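Please open the model in your viewer and keep the selection tool at hand.

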Amino acid sequence: MARKFFVGGNFKMNGTISSITEIVENLNKAQLDPNTETVIAPPALYLLLVREHAKKEIGVAAQNVFDKPNGAFTGEISVSQLKDSGIDWVILGHSERRTILAESDQVVASKTKYATENGVSVIWCCGESLDQREAGKTLEVIASQLAALKAQVSDWSKIVIAYEPIWAIGTGKVATTQQAQEVHASIRAWLAKEVSEAVADQTRILYGGSVSEKNCKDLSKEKDIDGFLVGGASLKPAFVDIINSKLS
């Protein structure tokens, strides 16, 4: 079965009621490739605004969720609250949360397990730093991140993997199509060996890291690149071109 192309837009800590409404209106009016699954992730404060205004074909993701039921966890959002608000996706393990907020592989895996077991799909992020890449440790780092996930997760059907080399996020540096494809192929090979051939075949692996309307077409042609997780460019009108990158 062919994997459905997937484009996620991570707004990060950006936007206002006015600017996010404008982004959603642009997406609603645009002719989006019906063969591409599109999901956007505004800051938590604007999740309801986006879900109420975006056309139903566009999915909405939170940028974080907690791994416990409702309770005394100040500042957190629960999986059941996301579901109650019509939010079907969450981004977990983004390098900004791993590095700035010190979320460990185990914490990310625990959140992923809790979300997927309770009905919210996960865009699970992995990737290496520049030092790790230059030391030739890219595949080793990603394998250890995947191993932590495998230790807690048994159902992979609600997980989309996003490979984001940390050195390429927001820097304007982009992994070459060959570098990206090599890592994507290695992730798929790891899944085949450590989980199952079926999971390897069915799991979508996205590329993230300075994706733009200029480089998306070439990246989208690689056989193991199943879409993109887009940062800054998702705030711009050119996001539509990235969603439509598979259209000739």
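A residue is called buried if its relative accessible area is under 20%, exposed if it is over 50%, and partly exposed in between, using a 1.4 Å probe and protein chains only. This is a predicted model, in which local features need pLDDT of at least 70, side-chain atom pairs count only at pLDDT 80 or more, and totals for chains, interfaces and linings use all residues. Residues are numbered from 1 along each chain as its sequence is written, and side-chain values use heavy atoms, with hydrogens and water left out.

Aromatic rings of Phe, Tyr and Trp (its six-membered ring) pair if their centres lie within 6.5 Å, and the planes count as stacked under 30 degrees apart, edge-to-face over 60 and tilted for the rest.

Next, select tyrosine 163 and tyrosine 207, both of which are buried. Their ring centres are 6.3 Å apart and their planes stand at 55 degrees, so this pair is tilted as well.

Finally, turn to cysteine 126, which is buried at 3% relative accessible area. A disulfide is a pair of cysteine sulfur atoms within 2.5 Å, and cysteine 126 is in none, since the nearest cysteine sulfur, in cysteine 125, is 7.7 Å away.
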